[in-house]
Amino acid sequence: MDRKKVVVLGGGMTGLSAAYHLQKQVKSAKLPIDITLVEGSNRLGGRIHTIKKDGFTIEKGPDSLLARKPSAMNLAEELGILDQTRRNSTGQSFMLIKNRLHKMPKGAFMGVPKEVGPLLRSNSFTLTGKIRGLMDLIIPRKKRTGDESLGHFMRRRFGDQVVDNQIDPLLSGIHSGDIDQMSLEAIYPVFGKMEQEYGSVMKGLRKTTSKPVKNSKAAQGQFFSFTNGLQTLVDALEAKLDTVKILRENKVNHIERKEAGYHLLLDSGEVLAADFVLAAVPHTQVPGMLSKHPALQELYAIPATSTANVVLAFDEKQIKRDLDGTGFLVTRNSNYRFTACTWTHRKWEGTAPAGKALLRCYVGKPDDQEIVKESDETLVDIVLKDLNKVMKVKGKPLFYEITRFIEARPQYHTGHLELVSRIRDYVASQLPNLELIGSSYDGTGLPDCIEHGQKGAELAIEALTQNK
């Protein structure tokens with residue numbers, strides 16, 4: 001087998017995972033393959049970015065990994081950092097409905113009701129809303145005729161009140177999108193399958209999700225991070241890439257298919273030759289890189305929303321009306337511009353010095369995208385104004401950290417799977433040995449990105465070794 005070259009575009013979690021798994025397979029099988037990773041910024045990790053400031057541990061991007069998806073935990077074990085993991089605290093969380101905080105109901109999965117009792121006891125709904133929510137147990141299954149929005153599906157099963165006051169804030173918040181536009185098939189096909197198999201989402205959840213063990217120790221949190229933040233994972237991955245050539249502060253301007261492989265023109269003027277290209281960059285960058293392929297312009301049809309994280313540090317004594325919990329979500333029918341607030345110092349032990357509080361607020365509703373462009377000072381004022389409607393905060397924060405993600409959250413609207421299938425069919429026929437991978441296509445969570453990278457590495461190895 002002649003020596004081959006694989007180029008990975010993008011140093012976010014998908015690209016790092018791809019490079020890591022490529023190197024792992026190359027070393028294991030002693031393959032003559034060289035790996036290069038090209039990253040446009042001066043750092044690796046993409047949206048993951050942990051900083052230390054005045055004794056605080058601050059996540060400027062994501063703050064955790066979902067524990068029930070094994071790819072992240074498995075990777076931490078391989079990297080030798082499993083002993084540095086920690087679970088989130090499991091204190092009370094709330095829903096902010098109009099101007100009142102309501103305890104997040106128990107007996108739910110991803111905000112979707114699972115048990116009858118908690119729904120009936122909840123003060124988040126009227127009696128009419130509760131009865132309508134329980135109709136999921138008797139409404140006949142609908143014959144599937146194609147994709148359906150997640151919001152339409154949930155409203156059909158549970159009614160508007162349960163969706164607006166419980167399901168929407170959680171699921172829309174997770175994806176920074178609009179539940180009424182999200183694709184059921186692309187994001188949560190499991191709920192559609194429950195309807196078909198059990199005739200009810202609630203019945204399906206009770207059949208397929210585990211029950212809490214009585215008289216057990218305190219339940220573990222559903223999320224995990226690391227003692228020194230998520231940057232630990234990025235740093236460990238980078239340290240392992242000892243045979244991967246990493247080019248930072250370099251962007252690919254153009255990709256040209258040649259008779260054998262590809263030529264990649266960097267903005268530095270350098271040209272990289274590649275036998276296989278793994279494009280782990282946002283979908284919005286792909287049409288420009290492959291400008292001779294107009295069919296890829298359809299990628300612009302995948303929307304992307306903008307969000308910002310506003311992290312505020314306080315002395316605990318500045319917070320006059322304290323909340324015994326880990327944070328709250330804001331419903332869309334409430335008159336607030338932020339979408340959620342996490343009490344980071346309570347959710348993640350050790351993130352703030354004794355006597356200090358660390359709050360993390362989120363802005364950027366799908367119908368309020370302009371807020372992300374506001375100045376730092378304006379964003380802080382908006383968030384403090386909203387916070388003071390819920391709790392009393394005296395004075396200004398000790399400091400703040402604001403991170404903006406401009407058009408960085410891809411949205412899987414109805415028809416997403418069909419669009420991605422068309423694009424991938426075109427790439428397979430016209431651009432062999434080039435793969436589009438990452439959160440734009442098949443799953444947006446960090447564990448998903450780890451899986452995308454691993455799958456991309458396997459595809460590259462398979463293609464380059466099948467004719468050796």
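Begin by selecting Gly-45, which touches Gly-11, Gly-12, Met-13, Leu-16 and Val-234 when residues up to four places away in sequence are not counted; contact means heavy atoms within 4.5 Å. The model is predicted, so local features need pLDDT of at least 70 and side-chain atom pairs count only at pLDDT 80 or more, while totals for chains, interfaces and linings use all residues. Residues are numbered from 1 along each chain as its sequence is written, and side-chain values use heavy atoms, with hydrogens and water left out.

Gly-45 is located in the loop between strand S2 (33-38) and strand S3 (50-53). Here helices (H or I, at least four residues) and strands (E, at least two) are DSSP runs, numbered from the N terminus. Is Gly-45 buried or exposed? With a relative accessible area of 3%, Gly-45 is buried; buried means under 20% relative accessible area, exposed over 50%, and partly exposed in between (1.4 Å probe, protein chains only).

Now select helix H1 (residues 13-29) and helix H10 (residues 231-240), whose axes come within 10 Å and cross at roughly 35°. Axes are lines fitted to C-alpha atoms, for helices over the stretch in contact, and angles run from 0 to 180 degrees between N-to-C directions. To see the contact, display Met-13, Leu-16, Tyr-20 and Gln-23 of H1 together with Leu-233, Val-234, Leu-237 and Lys-240 of H10.

Within H10, select Gln-231. Gln-231 counts as buried, at 14% relative accessibility. Apart from neighbours within four places in sequence, Gln-231 is in contact with Arg-43, Leu-44, Ile-48, His-49 and Thr-50.

Move on to helix H8 (residues 189-198) and colour its buried residues: Phe-191, Gly-192, Met-194 and Glu-195. Why do they lie on the same side of H8? They cover an arc of only 155° around the axis, which puts them on the same side of H8; the arc is that of the directions from the helix axis to the C-beta atoms. On the other side of H8, Lys-193 and Glu-197 are exposed.

Then show what the buried residues of H8 pack against: strand S9 (108-109), strand S10 (112-113), helix H5 (150-158), helix H7 (184-187) and helix H9 (201-208).
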